[in-house]
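Let's read a structure together, one feature at a time.

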Amino acid sequence: MPMTDRTLRLRLDVDVRGDDEVGLGAARTGPPGPPLRDGEVAVVLGTALARATLAALPEHRRSAVARDLAALEPADVAADLAARRVPGAAVRDLRAEEQVGARGWCARAVLGDGASPAEALIAVDAIRLPDDSRTEDWAARVPWMVPALVRHVVGSAPDALARSVLALRALGEEVAADPGAATDPASAARAAAAALAVPRPVPGSGAFAPAPPPAEAVTQPVAAATRQQAPPPPVTAPPPDRRLLAAIAASIGVAVLSLVLVFAIIASPGSFGLASTSQVNDRVSVIEAGVGQLRNDVGTLARELQSGGATPAQAVEQLAQQLDDLRQQVEDLCSVLPVVC
């Protein structure tokens, strides 16, 4: 390819800075060109870088990484870009003097004026990387760094970022189906060409769109603060009158004492000068007998008077005596039962 002053030269650098940090950078030389052209070249070169690092992996690891790459989602990539992280490491931007780091990968593309991105001359080199498992671990991470490298070239260009994701997915699908395809540079060219052929709007570009500016603040009238009236104090009942309490207590005491006295009289009437039940029954029986005898005598006297006979004075005197006896019996009953009388 002839080199002229209008030739675009693009370089992507990955600097492994430890177990949890990686430096990423991009450099472009040549005359200013349309952003679309720069973005397409960045996608082609980033896909070639991902293919080269997959080829550095053993086939059993290559297949696993390729399957994960085929399932890459634009939303996940956008979240990683916002957090400035790649799997297992934080991302740092390389300064110009740090390009081509001490340990990592360097991918270069040279594109002549008027040529298509697919016609770029591409080279990927590993720089001072030891041949051990740590190199394999970093090689498995590099494909996820491609969108961040593309952004270094084109800035926040949603279409270019979305195409980089589509290219990585296409590469992952081909390598997952045939792990040996990672050793063929044509596999990266096919994946990049498929992504660049997708018409706009590019699927997934919405995930990389910049957030809309905040809406203009709208002044809202502030409602006047309403004064809240304090709740009225609770109504408390006046304290009870102590004299009333004393009268109630005295009444309760008298009632209790009366109940005790009644039960005591019922239990032991002799202690209170009263006759027992048997004594009262005896005296009532005597009175009943006297009343019965008096009735018989009065009936006999009444029959004699009705027959026209003379009333013996002795019979009248006898009735008067019976009445006196009956009166005495009643008085005796009252003496032993004064409550009744």
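This is a predicted model: local features need pLDDT of at least 70, side-chain atom pairs count only at pLDDT 80 or more; totals for chains, interfaces and linings use all residues.

Q: Which residue forms a salt bridge with R28?

A: Here is the general idea: side chains of opposite charge can pair when their charged atoms come close. A salt bridge is a side-chain nitrogen of Lys or Arg within 4 Å of a carboxyl oxygen of Asp or Glu. R28 has D38 as its partner, with the closest N and O atoms 3.0 Å apart. This pair links distant parts of the chain, R28 in strand β2 and D38 in helix α1, 10 residues apart. Helices (H or I, at least four residues) and strands (E, at least two) are DSSP runs, numbered from the N terminus.

Q: Is D38 buried or exposed?

A: D38 counts as buried, because its relative accessibility is 10%.

Q: How many salt bridges does the structure hold?

A: There are 15 salt bridges in the structure. In one of them, the side chains of R134 and D19 meet at 3.0 Å, N to O. R134 sits in helix α4 and D19 in the loop between β1 (8-16) and β2 (21-29), 115 residues apart. D19 is exposed, at 54% relative accessible area, whereas R134 is partly exposed at 39% relative accessibility.

Q: What does R61 pair with?

A: R61 forms a salt bridge with E136, and their closest N and O atoms are 3.7 Å apart. Since R61 lies in helix α2 and E136 in helix α4, the pair ties together parts 75 residues apart in sequence.

Q: How does the span of helix α2 compare with what it should be?

A: The expected span of a helix is 1.5 Å times one less than its number of residues. Helix α2 (residues 59-70) has 12 residues and should span 16 Å, which agrees with its end C-alpha atoms being 16 Å apart.

Q: Which residues of α2 are buried?

A: They are R62, S63, V65, A66, L69 and A70. What covers them includes α1 (35-55), α4 (133-141) and α6 (158-177).

Note on methods. Residues are numbered from 1 along each chain as its sequence is written. Side-chain values use heavy atoms; hydrogens and water are left out. Buried means under 20% relative accessible area, exposed over 50%, partly exposed in between (1.4 Å probe, protein chains only). Contact means heavy atoms within 4.5 Å.
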